[in-house]
Amino acid sequence: MKKLVSITLCLLMMLSSLVLPGCGKQEGNVVNVYNWGEYIDESIFEEFEAETGITVNYNTFSSNEMLYSSIKSGGSKYDVIIPSDYMVARMISEDLLLKLDYSKIPNMKNLDEQYLHLEFDPQQQYSVPYMWGTTGIIYNTTMVDEAPTSWMDLFTTDLRSQVLIFDNPRDCIGLALKALGYSFNTTNEEEIRQAAELLMEQKREGIVQAYVMDQIFDKMINNEAAIGTYYAGDYVIMAEENPDLAFCLPEEGANLFVDSMCVPSCCENYDNALAFINFMCRDDIVLRNCDAVGYSTPSATAHDIMDPEMAEDPIIYPDEDVLEKCESFGGLPSDVLSFYDHEWIRICLAKVKPKFS
């Protein structure tokens, strides 16, 4: 889930109808794709283009909120986007997605039924699962005295300016909600406020080094921070570069997310979009993609022929008893989403003086 963007930019996008540069209308046979940073093997584009004659124009975003703002503003013309579960639900409710013609996505048959008809798209009309995974805590074993086991460890640690936290409201406030024993999907404003206050106190204690998304790669790989919150698939890639890193799925459970390929209402190349989605569901492409990005595939057929070392990795494919403790983000009422945005802005803009002993 995830390229580089500052907190200030995130806030601007949430508070205004900022028009972000999109692909625009292109000449020729094209498909305009908008995806998370570090979330695809871009070498597969050449194969798609050779097979179909369709040119891929590719851009990245760093958060669901950035994606939403880009599509909502109407200034971008993308054909395929890859939002997470809760953002799929929001975009469906606001008529920002088109229904899919699954007769043109025959490779949909490869997908495991457990990833279809989920809460965010119960009729399975608007989305095709792309990747799934969990969130957790990444830590440097040479920089921490005791391995974290709980989300609350991020708030009680003695480390100062060594902790990296998600730079988006659902993940950031969500981990604080879990630390307090609440649901990711609570609609109780008092519980959300308590989570925000916990994050504010974390800032006052000087624990947080930065709120980050893909900036976490360089910081954790280069030993610039001791602990960070991020996605399990990205941990796998980071650990290849820095073997001192380890991963913890907190005892309270974590976010189990599904990111999906969708066609936004601003699409200008609908058939090309479906051709691209179908290509991305093909087993050989799925395997290349998973190998590059480290995430978990919803494709049953690809998983069956996957390298056993990857297919049996407990971080990429956790056991059922681990997954049972996880919770997915669901869609929330608009008034609750507005309250999340309010609290997130309050957290980000707060000017606090760290209390060092």
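Q: What should I know about the numbers before I start?
A: The model is predicted, so local features need pLDDT of at least 70 and side-chain atom pairs count only at pLDDT 80 or more, while totals for chains, interfaces and linings use all residues. Residues are numbered from 1 along each chain as its sequence is written, and side-chain values use heavy atoms, with hydrogens and water left out.

Q: Is strand β7 buried or exposed?
A: Strands (E, at least two residues) and helices (H or I, at least four) are DSSP runs, numbered from the N terminus. Buried means under 20% relative accessible area, exposed over 50%, and partly exposed in between, with a 1.4 Å probe and protein chains only. Here β7 covers residues 227–231, and five of its five residues are buried.

Q: Which strands pair with β7?
A: Two strands pair if DSSP finds at least two bridges between them. Strand β4 (residues 128–140) pairs with β7 in the antiparallel sense over five bridges; in one of these contacts, G136 has Y230 as its bridge partner. Strand β5 (residues 163–166) runs parallel to β7, joined by two bridges, and L164 stands opposite G228.

Q: How do I read a cavity?
A: Rolling a probe the size of a water molecule over the atoms shows where empty space is left. On a 1 Å grid over the protein atoms alone, a cavity is a set of points where a 1.4 Å probe fits but cannot get out; lining residues have an atom within 4 Å of a point. Grid points are joined across faces, edges and corners, and a volume is the space filled by probe spheres set on the points. The largest cavity holds about 100 Å³, and its lining includes E65, R90 and D341.

Q: What kinds of residues line the second largest cavity?
A: Ala, Val, Leu, Ile, Met, Phe, Trp, Tyr, Cys and Pro count as nonpolar, Asp, Glu, Lys and Arg as charged, and the others, Gly among them, as polar. This lining has nine nonpolar, three polar and no charged residues. The volume is about 80 Å³, and β4 gives the largest share of the lining, three residues.

How values were computed:
On a 1 Å grid over the protein atoms alone, a cavity is a set of points where a 1.4 Å probe fits but cannot get out, and a pocket is an open set with protein on both sides within 12 Å along at least five of seven lines; lining residues have an atom within 4 Å of a point.
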